[in-house]
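Let's take a friendly walk through this protein, with the sequence and the 3D view side by side. Please have both open before reading on.

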Amino acid sequence: MIDASADLKSMIQAAQAAGEGLQRRFAQLSELTVRAKNGPADLVSVADEEAEHTVRGLLASARPAYAFLGEEGGAAGGTDASRTWIVDPLDGTTNFLFACPLWGVNVALAHEGEIVAGVTYLPVLGEMYVAEQGKGAWLNGQRIQVSPRSSLIESVLACGIPFAGKPDHPLFAREMALLSERTSGIRRTGACAVDMAWVAAGRWDAYWERALNAWDLAPGVILVQEAGGTATAVDGTALDIHGNNVCVSNGAIHGTLVEQLNAVLKEENAS
């Protein structure tokens with residue numbers, strides 16, 4: 001098992017506590033009040049808010065000086081501005097509300113804008129993914145690594161599909177038309193947390209998505225990197241966690257995948 005720092009231990013505790021509460025709510029879906037957040041297909045419920053309250057309270061107790069960035073509550077400054085907790089209390093909300101088990105709790109720690117620790121907890125699946133800079137990536141106490149596959153044609157990719165209210169629908173259609181002919185398959189779980197963790201575990205060979213937020217992708221970045229993979233922006237440039245897009249892979253197919261995605265983007269921009 002990873003030799004976890006005090007910060008990572010606090011993150012694990014917070015994710016577990018939020019996950020327990022979410023599992024109780026998951027068993028009571030018919031009683032939840034659901035509302036649209038940023039559009040009719042962008043849903044939120046009291047479960048999201050309760051989970052963020054739980055995580056925020058535990059992390060604030062452990063490190064009151066750290067800043068906080070959460071999906072539901074937004075940003076709050078701390079006296080130590082160099083360190084920020086980044087939290088998505090329920091990644092995969094639509095899955096959760098439709099009784100699909102593919103959802104999770106994301107907790108990350110950034111130092112000077114760089115992710116140095118990450119936790120993705122998938123409660124229904126019983127999977128706790130953790131990583132800390134220089135200490136590897138771990139699933140339920142066992143070290144994990146990205147896949148060894150080296151060509152696009154033998155790889156299975158995951159992606160995010162834009163839903164109503166999201167941009168880039170025509171671009172995504174072009175990406176599917178190109179990549180579906182060049183891979184062993186393309187998957188979509190509906191939760192960035194799941195897809196990035198599964199790249200780290202070698203279940204997927206790569207994952208890309210546009211129109212994301214920092215709390216969606218932050219833990220997955222260090223999970224993939226510590227598992228031996230690569231994380232960049234979709235166009236292959238250096239990743240900005242606030243840049244709203246990500247491409248992660250096992251590293252071996254990264255250049256080829258980015259090349260294909262850039263070719264599609266160039267074609268889309270020219271049309």
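Which are the buried residues of helix 5? They are Cys 192, Ala 193, Val 194, Asp 195, Met 196, Ala 197, Trp 198, Val 199 and Ala 200. Buried here means under 20% relative accessible area, exposed means over 50%, and partly exposed is in between (1.4 Å probe, protein chains only).

## Before you start

This is a predicted model, in which local features need pLDDT of at least 70 and side-chain atom pairs count only at pLDDT 80 or more, while totals for chains, interfaces and linings use all residues. Residues are numbered from 1 along each chain as its sequence is written, and side-chain values use heavy atoms, with hydrogens and water left out.

## The overall picture

The protein has 7 helices and 15 strands. These are DSSP runs numbered from the N terminus, with helices being H or I of at least four residues and strands being E of at least two. The radius of gyration is 18 Å, close to the 18 Å that the globule rule gives for 271 residues, so the protein is as compact as a globular protein of that length. That radius is taken over C-alpha atoms, and the globule rule is 2.2 Å times the number of residues to the power 0.38.

Of the 271 residues, 53% count as buried. Among contacts with a separation of 6 or more, 63% come from residues 24 or more positions apart; contact means heavy atoms within 4.5 Å. The protein exposes about 11400 Å², and carbon and sulfur atoms supply 49% of that area. Accessible areas come from the Shrake-Rupley method with a 1.4 Å probe, and for residues only the protein chains shown count as cover.

There are 19 positive and 32 negative charges, and their mean positions are 2 Å apart. Lys and Arg count as positive and Asp and Glu as negative, with His and the chain ends not counted. Each charge is placed at NZ of Lys, CZ of Arg, CG of Asp or CD of Glu.

## Helix 5 and what follows

Back to helix 5, residues 192-200: 9 of its 9 residues are buried, so this helix is largely enclosed by the rest of the structure. Just after helix 5, Gly 202 takes a positive phi of about 85°.

## Aromatic pairs

The model holds 5 aromatic pairs. Rings of Phe, Tyr and Trp (its six-membered ring) pair if their centres lie within 6.5 Å; planes under 30 degrees apart count as stacked, over 60 as edge-to-face and the rest as tilted. One of the pairs is Phe 96 with Trp 103, edge-to-face at 4.9 Å centre to centre and 80° between the planes. Phe 96 is buried at 0% relative accessibility, and Trp 103 is likewise buried at 0%. Ring pairs also link Phe 26, Phe 96 and Trp 103 into a cluster.

Another edge-to-face pair joins Trp 198 and Trp 204, 5.5 Å centre to centre with 65° between the planes. Trp 198 is buried, with a relative accessible area of 13%, and Trp 204 is buried with 13% as well.

## Around Gly 92

Gly 92 sits in the loop between strand 5 (80-91) and helix 3 (93-97). Its relative accessible area is 9%, which counts as buried. Leaving aside neighbours within four places in sequence, Gly 92 is in contact with Leu 102, Trp 103, Gly 190 and Ala 191. Gly 92 and Trp 103 are 11 residues apart in sequence, and their C-alpha atoms are 4.6 Å apart.

## Two loop residues with positive phi

Glu 112 lies in the loop between strand 6 (104-111) and strand 7 (114-122). Its phi is near 55°, a positive value in a residue other than glycine, and at 62% relative accessibility Glu 112 is exposed.

Asn 140 belongs to the loop between strand 9 (137-139) and strand 10 (142-144). Asn 140 has a positive phi of about 50° although it is not a glycine, and it is partly exposed at 46% relative accessible area.

## Links across the sequence

Arg 210 is part of strand 13 (residues 206-210). Not counting residues up to four places away in sequence, Arg 210 touches Asp 168, Leu 171, Glu 175, Val 234, Asn 244, Asn 245 and Leu 261.
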